[in-house]
Amino acid sequence: MNDSNKTKPKIPQGRCPSCGRSVYVGSKPNIADIIICTRCFAELQIVDFNPIILEWASDESDSYEYDDVDYSYR
Ligand SMILES: [Zn+2]
């Protein structure tokens, strides 16, 4: 057995679903971690890491932003 290539550190990277760039996710990626794309600054969430899959983070759970905006006050 030749384990000479075992010493090569594997850099954990995912792919941005927006721009396609490989995004470094840190040395110990966890499911549901939030990653910011270094190219398009999209907020991404780790949904899997074997291989690493990134998806949009702001999908649900922030509906308060669109919660019945009222423009009547001035
Ligand atoms: Zn991107």
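Colleague: Where is Ile-46 found?

Modeller: Ile-46 is found in strand β4. Strands here are DSSP runs of E with at least two residues, helices are runs of H or I with at least four, and both are numbered from the N terminus. This is a predicted model, in which local features need pLDDT of at least 70 and side-chain atom pairs count only at pLDDT 80 or more, while totals for chains, interfaces and linings use all residues. Residues are numbered from 1 along each chain as its sequence is written.

Colleague: Does Ile-46 count as buried or exposed, and why?

Modeller: Ile-46 counts as buried because it has 22 C-beta neighbours inside 10 Å. The term buried requires 20 or more other C-beta atoms within 10 Å of the residue's own, exposed means 12 or fewer, and partly exposed lies in between, with C-beta atoms placed from the backbone.

Colleague: Which residues is Ile-46 in contact with, leaving aside neighbours within four places in sequence?

Modeller: Its partners are Gly-14, Val-25, Pro-29, Asn-30, Ile-31, Ala-32, Asp-33, Ile-35, Ile-52 and Leu-54. A contact is a pair of residues whose C-beta atoms, placed from the backbone, lie within 7 Å. For Gly-14, which is 32 residues away from Ile-46 along the chain, the C-alpha separation is 8.3 Å.

Colleague: Which residues make up the largest nonpolar core?

Modeller: Seven residues form it, namely Cys-16, Val-23, Ile-35, Cys-37, Leu-44, Ile-46 and Leu-54. A nonpolar core is a set of buried Ala, Val, Leu, Ile, Met, Phe, Trp, Tyr and Cys residues joined through C-beta atoms within 7 Å.

Colleague: Where is the place of Cys-16?

Modeller: Cys-16 sits in the loop that separates β1 (13-15) from β2 (22-24). Cys-16 is buried because 22 other C-beta atoms lie within 10 Å.

Colleague: And what does Cys-16 touch, not counting residues up to four places away in sequence?

Modeller: Cys-16 touches Arg-21, Val-23, Cys-37, Arg-39, Cys-40, Ala-42, Leu-44 and Leu-54. Seen from Cys-37, the contacts beyond four places in sequence are Cys-16, Ser-18, Cys-19, Arg-21, Val-23, Ala-42 and Leu-44.

Colleague: What order does the open sheet have?

Modeller: The open sheet has three strands in the order β3-β4-β5, with antiparallel pairing. Its edge strands, each pairing on one side only, are β3 (34-36) and β5 (52-56). The twist averages 45 degrees from one strand to the next, where axes are lines fitted to C-alpha atoms (for helices over the stretch in contact) and angles run from 0 to 180 degrees between N-to-C directions. Pairing is assigned if DSSP finds at least two bridges between two strands.

Colleague: How many bridges join β4 to β5?

Modeller: Five bridges join β4 (residues 43-49) to β5, and the two run antiparallel. Gln-45 stands opposite Glu-55, and Asp-48 has Ile-53 as its bridge partner. A hairpin connects β4 to β5 through two residues.

Colleague: And over how many bridges do β3 and β4 pair?

Modeller: β3 and β4 pair over three bridges, also in the antiparallel sense. In this pair, Ile-35 stands opposite Leu-44 of β4. These strands form a hairpin with six residues between them.

Colleague: Now the backbone: which residues does a cis peptide bond join?

Modeller: It joins Asn-50 and Pro-51, with omega about 5 degrees. Pro-51 lies in the loop between β4 and β5. Most residues other than glycine have a negative phi, and most peptide bonds are trans.

Colleague: What about the phi of Ala-32?

Modeller: Ala-32 has a positive phi of about 80 degrees, although it is not a glycine. Ala-32 is in the loop between β2 and β3 and counts as exposed because it has 8 C-beta neighbours inside 10 Å. Phe-41 also has a positive phi, of about 60 degrees. Phe-41 is found in the loop between β3 and β4, and its 11 C-beta neighbours inside 10 Å are why it counts as exposed.

Notes: Two residues are in contact if their C-beta atoms, placed from the backbone, lie within 7 Å.
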